[in-house]
Amino acid sequence: MSAFVVDWLNLLIRWAHMIVGIGWIGASFYFIALDLSLKKREHMKEGVYGTAWEVHGGGFYHVEKYLVAPPALPSDLIWYKWEAYLTWVTGFLLLTVQYYWNANTYLIDKSILPMLPSQAIVISLLSLAGGWVIYDQLCKSIIGRSTPLLAVCLFVLIVGAAYMFTHVYSGRGALIHVGAFIGTIMAVNVFGVIIPNQKKIVASLLKHEKPDPRLGAIGKQRSVHNNYLTLPVLLMMVSNHYPMLSSHPQSWILVAFVLLLGGSIRHFLNRHEAHDPFKKFAWTIPAAAVAFGVLLVMTAPRPTEIDPSLMVSDADVLTLTAQHCAMCHSAKPTHDGFDAPPKGVILTSTDQLKAHKEQILAQAVNGTAMPLGNERGMTEEDRKRLGAWLQSH
């Protein structure tokens, strides 16, 4: 299949992923905010836990929440599920088109772990499925009865997965898999727990039986988990555009602080929307600041030490870039994955190298984001020689 067709397929799936993802995240954020804004009021209907009055779009809304369910349900009950399902489906299609299809370029880095594309894909599928199984068993175990303990275990699970991915895949492949790992947990929470439990409640009502209140409590627990994981998963999904994250030698540690940062921000917003006294959640501000500060320090540029006496001629640097860069970054790329130079960057002359000096230093000298997958084995010495030439110009 031509690169042109693959590019359009990638673009359309990515667009669809954004559309349904925005819908899912919006619904999640809205219902958590709604849940936290419910209040006990006088003259509420029997079985109503709380109500909320809202204004939007020129109209007023009065919302009631039943913890179990009302005595009767209308036939036009609205289910919020397809946004979650389609977010995962389009995300997996995007993972397939971008990473499985181009495994040697985007997923595998032979300097980290030499393997075949088929092996990389099998590891990917098993890890995504395994992550859900472990998470689900944690929730169902005695650990799931303690919110703080379960939160710590989930944190360890995700950071542990990040550590594994960074020792198996390329920088880009590792962090996108952290996102897919979390996203799979979130989507299966909806598909495998929240919606089935809601269907059981509805079925009980239709039989005029009293629904099991545990079903609603379990669904609420998983929904809250999804809410707190949303901000970290979003950052992981765009991480491949930022070499300071994806090419960091300890990117799995960055994941840990992203979880802390995103979780702190989400908790601040949730408790603020619940109108809690500020002193009860004020700790989230310094916690987020510390997490962000650590991320800044860890990702701060650390230039590769280059011997100033290292002499690299124009001819030497062009030979080096012809071997490692020009297969993609030329007017007519020879790499199977590209029919045009990525981002329009051409690196076949010394003038072009000088024009993109800062980008090259960041991605191929001080970082290892380029070449993609390091297919032709660019060594540390090669990077130093390239850096020496760029610094001398």
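In this predicted model, N240 touches Y99 and R172, when residues up to four places away in sequence are not counted. N240 is found in the loop between α7 and α8 (243–246), and with a relative accessibility of 14% the residue counts as buried. The side chains of N240 and Y99 are joined by a polar contact of 3.4 Å.

Aromatic pairs number 13 in a search of the whole structure. Because Y163 belongs to helix α5 and W252 to helix α9, the pair ties together parts that are 89 residues apart in sequence. Y163 counts as partly exposed at 39% relative accessibility, as does W252 at 25%. Elsewhere, ring pairs link Y30, F31 and Y80 into a cluster, while R266 lies over the face of F29, at 4.0 Å from the ring centre.

The largest nonpolar core holds 60 residues, of which L107, I158, Y169, V178, F181, I182 and V255 touch the most other members. Several helices each supply at least two residues of this core, including α2 (82–100), α5 (147–166) and α9 (251–273), and α6 gives the most, with 14 residues. V178 touches I158, A162, F165, M236 and V255, again not counting residues up to four places away in sequence. Apart from this core lies another, of 16 residues, among them V317, C325, A364 and A388.

Conventions. Residues are numbered from 1 along each chain as its sequence is written. This is a predicted model: local features need pLDDT of at least 70, side-chain atom pairs count only at pLDDT 80 or more; totals for chains, interfaces and linings use all residues. Side-chain values use heavy atoms; hydrogens and water are left out. A nonpolar core is a set of buried Ala, Val, Leu, Ile, Met, Phe, Trp, Tyr and Cys residues joined through side-chain atoms within 4.5 Å. Buried means under 20% relative accessible area, exposed over 50%, partly exposed in between (1.4 Å probe, protein chains only). Helices (H or I, at least four residues) and strands (E, at least two) are DSSP runs, numbered from the N terminus. Contact means heavy atoms within 4.5 Å. A polar contact is a pair of N or O atoms within 3.5 Å; within protein, one must be able to donate a hydrogen and the other to accept it, and residues adjacent in sequence count only if both atoms are side-chain atoms. Rings of Phe, Tyr and Trp (its six-membered ring) pair if their centres lie within 6.5 Å; planes under 30 degrees apart count as stacked, over 60 as edge-to-face and the rest as tilted. A charge sits over a ring if NZ of Lys or CZ of Arg is within 6 Å of the ring centre and within 35 degrees of the ring normal.
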